Each structure stands twice: as C-alpha cells, then as structure tokens.
Amino acid sequence: MDIAQQVPQHPRVRDVLADQCQRLFFEYLESFEDNEKKIMIDELCQPQRSTVLINYRHLSNSNDRLARVIQDEYYRLLPALSRGLKQFFREHLPKLEMETEKLERFKRTVLSDKELYVAFSDVQMRYKLRNLNTSKMGMLIRITGQVIRTYPVHPELVSATFICSDCQMVCSDVEQQFRFTQPLMCRNPVCNNRVHFALDLTRSRFVDFQKVRIQESQAELPHGNIPRCLDIIMRNECVEQAKPGDRCDFIGTLIVLPDVSQLSMPGVRSESAQRTTQGSDDKGYSADGVRGLKALGVRDLTYHLAFLACHITPAEQTTVETLLTSDSKKKRIESMMSDKNLFANLRTSLFPTIYGNDEIKSGILLMLFGGVPKRTLEKTTLRGDINICIVGDPSTAKSQFLKQVSEFSPRAVYTSGKASTAAGLTAAVVKDEESNEFVIEAGALMLADNGVCCIDEFDKMDPKDQVAIHEAMEQQTISITKAGIKATLNARTSILAAANPIAGRYDKTRSLRHNVNMSAPIMSRFDLFFIVIDECNDVTDYNIAERIIDLHTSGTRTTVPSLVTTYTFNEIRDYITYAKAAVQPKLTPAAKEHIITLYKQLRLRETSSSSTGRVSSSSTPITVRQLESLIRLSEAIAKMYCQEDIDIKHVQEGYRLLSKAIIHVDQPDIDLNEYNRPTATVEEPMEEDIQETTKDETKISVDEYKRLTNMMVYQLRKLDEEQEAESQTSGTNVVMPGVKRRELINWILEQLADEINSLDELARKKATLDKIIDRLVHVDEILIQLDKRTVSQFGMTTEAKDTASTEQEQEDEDPEGNNLYLIVHPNYVSEDQ
C-alpha cells in the first residue's frame, strides 16, 4: 500500500491567471470548425505527434486579450496551455462502445494520459540576438540566426518519480529544471532522508531533447564586432529540424540556465579555494570553506541565457509572393524587365565605385543570378552555381569586388585564404564543453549555403586546405568522417576567389597555370578566370584617378555624378530574387546545337594548337566542365532577362564571356636583338627598306617563336635518333652528334615553303631563323653549338680527322658559322602547353 496518499499535503498556491488562460484557450479550441477539430484530433492520436501548432495571428484575431497575455507571460502560462489542450483532446476522443476490444480500450487509456504541448507560429515580435537581455525573459518572441553547431538528440527527464531508499515512499511528479533535481526531503514526516533516492524509470516522463547553437547573420552584424552566439533548446517534434549552415526563425522564449560547464573548470575551483584560505590559519576552517547552495559556493551563481524554442521555420527570405504584393515593387520589376540596356545598367549599378573591368562585373552579376540546378535519374546533382576566380596584379580592385559582393548578397561569407584552414572552410568536429561529446561545427562554405563565399588571397592557402574544398566546389556537399561521426552536409554555394600571381605581378610570357599557385583540379572547378593586369594607359589612369578623387572628396552616391546609377541596391536585390525564384529557363533545340558547335570549336582550337607545335591559348584545358560552364552562363543570362527559353543569343553572349575569361592574355613579342651577332650582307639596302626589315626581323610573336623552336628541336632529336640507329646497324660505335646549322636552316625553309612568296621574303625569313638560332644558343640555352675541333673528340679515325681538319679550315673561312654543328641541350624538356 502506498502511504503517500495518507500523508497530509500542503495546499498548493493556485495561479488565477493561468486558470483563466486555460479556460479561454479551451474555448478558443472549441471555436474551431468540426472538420478542423477532427484533423487536429487525428494528428494527436498518432504516436509520433504530441504538439499542436497554433497560428498566433489567428489567435489574436479571435481573442486579442488572450494573445497579448500569452505573449507577455508565455513561459509562465505554458503548462496551463498544455492542460487546456489536454482537456480538449480528452473530450473529443472517439466514443468507445461497450463491446469494444480490450486492446482498443488500452489504446484509449494511453491516449488519454498522453502529454500534449502547444506551439505557436507567425509571431510578429522579432528581435536580433544582440538585443536580447533579461527584460525579454518569459516572453513569446521570434529570433533569427544561422546554425553553426548541432548536438545529438538525447532523452530529457522532465518529470521524475523517486523512491526513498529508507522508507520506500514514492515521490512523484518532481519537476526537473534543466538539470537532475532530487526531492529536497522525503515526503514521509517520520523519515529524515534528504539524499538517498532512487529514480523510477517506468513512472518518470522523458522527451526528446536537442541543443543547437546559432550565430548572428552577416547582414545583422555591425562592422568590427564579434558575432553573438546563443544556445537553442528544442524538444519533441522540433528536434532534427535545423542543420549546420541553415538560417532559421526560432519562436519561443528566453530563459536562464545554470552554467554547468563552469562547475568543472579547474580555474573556478582553485579561485574558490584561494578565497577561503586567505587570511586564516585554521586548517579546519580552510578545509570546510563557505557552504551554501549544496556546497557549490559561488560557482552556482553563474548562469547563461538560452532560448527555449517551440517552433522552427526556415528564415524568411524575400519571396516572389511578397514582391508581387507590393504594387511599387511589382511595377519597378516590370520596368526593369523591359529595359533594353538591362545588362549594362545592372552591371554599372552594382559596382558604381569601380571603374572599368566590365567583363568581371558581368561575370559576377551572372554568378548572382546563377544557373539551374538539376537532378539526374541516378540521383546525381548537377550544380547550378557559378564559381569565379580573379587573378591579377596588386591594386586592381580584386578585394573590392569581393567586399562589395559580400555586403550586397543577403547570404554571403567573406574569408581570407591565408587565415583559413580546411576545417574553417568546410566543417569541424569539436568536443562539447558540457557533455564532452563530439559535435559538428559549420565552416564558411556551410554558412554560405544558398549564397556566395568570398575567399580572398586564395593562392596563399595551404595545398592541404585547397584539397578540402574539391568536393564542395563540384558536388556541393561536405563529407565528414571523424571521431565516430559520419555525415554529408550541404554546401550549395558559389565561390568568388581572388588570387595574386606567383611573382607578385602577372608574367605575360607564361600561361595562367604557371602564374598562379593552384593545382589543376582546383582550376578546372572554376567556371570563369579573369586576368587583371595593371598597364599604363593615359585614358584609363585619368578616369581611375578622377573616380578615386570623387570618392575622397564627397563619398556619397547622390552628390558625385560618376556614382549616380540607374538602379539602387535594393532594386537589384529584389530583381535577382524574383528572377531566381520565378524563372527556370530551358534550352531550345537550336541553342543545344549551337552549344555543341561552340564546344567543338574550343576543343579543336586547343587540339590544333598542340598538334602544330603552337602554344595553346587556353588558361585551362578545355574539358566537359567548360561545356557545363557554358550551359550555366547561358541559363544565367536567360534568367537575367526573365525568359523561359534559352536562345542562341544567350548562348553566344555566354560563349563570348567564357572566351574572354579562358583565353590567355596576349603575350608580348620577343625582341631578337637581345643577342645580335653581325651577319654578312650581300648588298646595301635602301633606307626605307631598312626600317621595314628591321621591324620584321627584330620582333616575333611568342607563338611563332615557340613554333619554330619546337620544329628545330624535333628535327635535331629525330636526326640524332636516326644516326644512333644507323651506327648500331653498321656496328660502329662512333656517332657524329648534331646537324650543321646551314642544313637545319634549309630544312626549316623547306617546311615553310608554303608561307614564302618571294625572294625578299625568303631572305628575311632566313635572317630571322639566324637570329632565332643565336637566341636559342646564347640566351635561352636550348641549343648547343659545336665546332669541328669538339666533334673530333668522338673517337674518329685518322682519315676522318684529316677530313675534319680540312673542313675546320673551311669553317674558319665561314664567318656566319653555317658549318657549325647544333645539338639540343640534354637537360631541355619542352613545356606541355
């Protein structure tokens, strides 16, 4: 027999306000229509459902006084609202007949004892994390933040039943306040037990419990301040609804919790011990210390704010519906759609303080619109986000582009490559200070989900950290397998990176991959590469100087004529939001054929360049990823014009931008007079002819220079292999190295016979080849020039040496050196351009 029933209980204090709110809330639920009541009861009868979602605006329209009281005293009235819902649920359970089976009766009993909870949605009172303080405690409010850390789901003890270990008396319904709380004393007046209690698990009540940590979004963060963080407590159906990187609205109330992590900190414990030992020589007093609050001392006075959430929804972004409800915004969007010069106006309005660089502005604008993400039948995701990398000299506004985008985009993260690690960019597995469990903390790419991640100084990143973002740039996911945690997280973001050349300034004589400290896999994942070179130009320098002086003198967009733009940032932001949500363009058959034709042209251009010995002009190899980049650019251009079909003009504009980005910067001509040896002339030319021939002979393009160099190296190595094979066939070990200079020039002229149309052109081409060979020997050191004395050291017979000495005498009479032998330097390796 339970003697708890016979123990006299003290009368509990009744909360009159709570009882009135319980009655009014019950009447509010009764005011629903019959079909709505049936749907509500059917949902609550399901085993996994225990929460009813109430629209706060509907409640306010029905009973404004009740709504205001709930908003002001939410945490106090929460148990009363649950009791009112439980009363409503019990009265509307289906009636059971007399002949009903015992199983149904048992189910009815379980349902009637089921704990129910109330959650609210559409709460208008919104606060920023920075404005939360103790005056908001207990109120029903809404906050917005970005989830940076999630914790595992645990069962939480909310109502415990204890059994006294001395007298076996049952102490039921002991409320737990976010920590394990035992009864202060046994309810049996005869028993003096205050410590020894056993928890009865069968009669105690548990709920699902999860904690997440949110952070201020970048848009709400004041400049120069550290982001504020707040712990969110979620129960029941709210668990597992927020993932790292998500931006969510949390509706609930602000509460105060004891800071459990401070209890285990050794610094606090030693500080408390030092306070008790100072100024006393009594060992007994110093050992006991100051008791109080269960011997925890001042450590129990440490608390921190937390947020008890009852409902979670994705953060409200500007949607198409909200834009179209406003007549002024709707008319402005329609006027922008009809703008014939929309591309240029959007480009100049987005970057008013930066002069020039129209191609970069166009690429960034298309990145903000983005392509169309797709999902194949094999459940493979094809990304629609566009990745851009800007490479250039210092002081060319690279960081200014990144800063402007990070402030303009509603969900953007700005970071520096040198100060970022692999875990900081993707995700980190850290240990919780309270439970000592490993949890996932989001990085920059996850925080920029469905936005833009701006990475400055991208080339300064450690190669190990660059490898970590391979998956995020193409598959747009982040896979983690650390500390027993295996997870795949979303990183659906566009990457805007800025990098400096290896030597500080861009070297035009080398290709892009030799100018940037990036691996080939990383470079292939960028859709567009833009190269910015700081060149001296009177017109450009004047305009840039004028724009900078205007910024320093006035600094406002309305007073400076050069900063007055067609559209404002808010108008551009609304237009991009409308285009991304309302327009999903598709390729037309004509556009498909045109894309295939353009892709074949890019591939053939690279193949023909490599087969003819010319330098490929592409900054990166043309692969299938460039084809996908062309499709994404075409989709973004069609989105910008709000057109459902992708036409040939959209594809052509995307191809033009892609060609500007991937084609290498024009390399300067090579001056052949850097090493100019005197050459014999047959007759003195006229003065006019001297000016023409000097211009033609002393300058040659890089492509032509490398083409002729590769032809010479190929012929010399081919003849060397033939001589070696011939010596092995004849059985002689003597190999005459090299080819005579005159013979090599004659062979090159034979190969270039189709390009020579006159004797004068033949003479100029021969003089050019002479200077190229001189440069290859004395400047580039690709070829080695040998005379007969050197060749005679290769084990020749006496008769051969006599012949060589005769030829050496002839060579001494040859001032042009046409009889000298040329071989390729053994350490030379041709570049794979």
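In this predicted model, Glu 27 and Arg 23 form a salt bridge whose closest N and O atoms are 3.4 Å apart, a salt bridge being a side-chain nitrogen of Lys or Arg within 4 Å of a carboxyl oxygen of Asp or Glu. Both residues belong to helix H1 (residues 16-30), where they stand four residues apart, about one turn of the helix. Helices (H or I, at least four residues) and strands (E, at least two) are DSSP runs, numbered from the N terminus. Glu 27 counts as partly exposed because its relative accessibility is 42%, and Arg 23 is likewise partly exposed, with a relative accessible area of 45%; buried means under 20% relative accessible area, exposed over 50%, and partly exposed in between, with a 1.4 Å probe and protein chains only.

Residues are numbered from 1 along each chain as its sequence is written. Because the model is predicted, local features need pLDDT of at least 70 and side-chain atom pairs count only at pLDDT 80 or more, while totals for chains, interfaces and linings use all residues; side-chain values use heavy atoms, with hydrogens and water left out.

The structure holds 31 salt bridges, among them the following.

| Pair | Closest N and O atoms |
|---|---|
| Glu 27 and Arg 23 | 3.4 Å |
| Arg 332 and Glu 571 | 3.2 Å |
| Arg 632 and Asp 527 | 2.7 Å |

Arg 632 lies in helix H22 (residues 624-640) and Asp 527 in the loop between helix H18 (520-524) and strand S22 (528-532), so this pair ties together parts that are 105 residues apart in sequence.

The salt bridge of Arg 332 with Glu 571 links distant parts of the chain, since Arg 332 is in helix H10 (residues 327-337) and Glu 571 in helix H20 (residues 569-582), 239 residues apart. Arg 332 counts as partly exposed at 29% relative accessibility, and Glu 571 is partly exposed with a relative accessible area of 23%.

For the protein chain as a whole, there are 29 helices and 29 strands, and buried residues make up 44% of the 833 residues. Among contacts (heavy atoms within 4.5 Å) between residues at least 6 apart in sequence, 75% join residues at least 24 apart.
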